[in-house]
Amino acid sequence: MVIDASGVRFVDPFGLTLLGASFQELSDWGQRVIVCGLSSDVGGYLQRMDLFTGVELRDCAPVRTRRHNRQDALVELTCIVDKNAASDAAGRLTSALIGAVPGIDRNEAPDLMTGRTQADRLGMPIQYVLSELLENALSHARRAGRQGARVWVAGQYYPASDLVRLAVTDNGCGFLATLKSHPNLRNQTHRDAILTAIQPRVSCNRDVGLRADTENEGVGLTMVVRIARSAGGKALIVSGDAYHDPAAAGGLLRGGAFWQGVTIALELRRDRLGSIRIAELLPTLEGMARVPLRFE
Ligand SMILES: Nc1ncnc2c1ncn2[C@@H]1O[C@H](COP(=O)(O)OP(=O)(O)OP(=O)(O)O)[C@@H](O)[C@H]1O
Ligand SMILES: [Mg+2]
């Protein structure tokens, strides 16, 4: 497959994870991928992000690494396969992103009351979101015959706009496959499956009873959307042939496009991160089954 990249001017973490996942998929199918005509800036950026493992670059401008070295603000593209590596990866990506924010003092003494530093306060919502999304991608995405699904994650802090952008992309079964028997799903469409998945307390592992041993609360995605809103940011959720933007609307992807799996992009305002209180955003307990408490 020969890809003409001469028109590419900018790639954000969302694009990066989609490209990483697609290149990997192509090479799993035994396809050779050749990327042509990359400019020096974009090529340098993508190479630093380790995007081109196994990809041949042809007729690309030489990379000027020195002039555009923004290593401090970058978090490389990471592909995670091992479920046990998810929480480490979330922690590592969070500290790399927070480390790129100017004025963060890594040696700051923790606040006496809360025991937290400014870096902890800014990092907490990012780490929460990444852990939830990685956990989903390494569990639910691997149902319905997609046991080998992988997840790609990337993030970047943009100093000029003071924004953190994150993306988590899997090549798993997608929302519709896990929620097709859920009572809240009205139509068997990818669009409805996205809308159902983000409702509080909806889980394939709670109401559908796919597994009897453990149960999920069904709050992960609801929290991701709430955190994005509280951080003055945006969320974009894509699965199958549909997309949803909780702040605006959604619909079908243009041009017959289809993503096998789930891909989520988030944009968070750095100046709002410190004021987010995760506990206050949790869905209330109404609608939960009553559990008799015994104290003997
Ligand atoms: N990456 C994914 N691939 C396929 N289905 C997914 C994916 N992420 C979420 N889902 C579906 O959406 C449902 C809701 O996800 P959510 O994270 O809100 O809840 P949960 O993971 O079931 O529970 P919790 O996050 O509280 O442990 C999941 O139960 C699953 O059916
Ligand atoms: Mg979850």
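Tutor: A polar contact means two N or O atoms within 3.5 Å; within protein, one has to be able to donate a hydrogen and the other to accept it, and residues adjacent in sequence count only when both atoms are side-chain atoms. This is a predicted model: local features need pLDDT of at least 70 and side-chain atom pairs pLDDT 80 or more, while totals for chains, interfaces and linings use all residues. Residues are numbered from 1 along each chain, chains are lettered from A and ligands numbered from 1 as written, and side-chain values use heavy atoms, leaving out hydrogens and water.

Student: So which backbone atom is 3.2 Å from an oxygen atom of ligand 1?

Tutor: A polar one of glycine 220.

Student: Where does ligand 1 sit?

Tutor: In the largest pocket, with "sits" meaning that more than half of its atoms lie within 2 Å of the grid points. A pocket is an open set of points on a 1 Å grid over the protein atoms alone where a 1.4 Å probe fits, with protein on both sides within 12 Å along at least five of seven lines; lining residues have an atom within 4 Å of a point. Here 27 residues line the largest pocket, with Glu132, Asn136, His140, Phe175 and Leu221 closest to its centre.

Student: And which residues come nearest to ligand 1?

Tutor: Asn136, His140, Thr178, Ser203 and Cys204, out of 21 around ligand 1 (a heavy atom within 4 Å).
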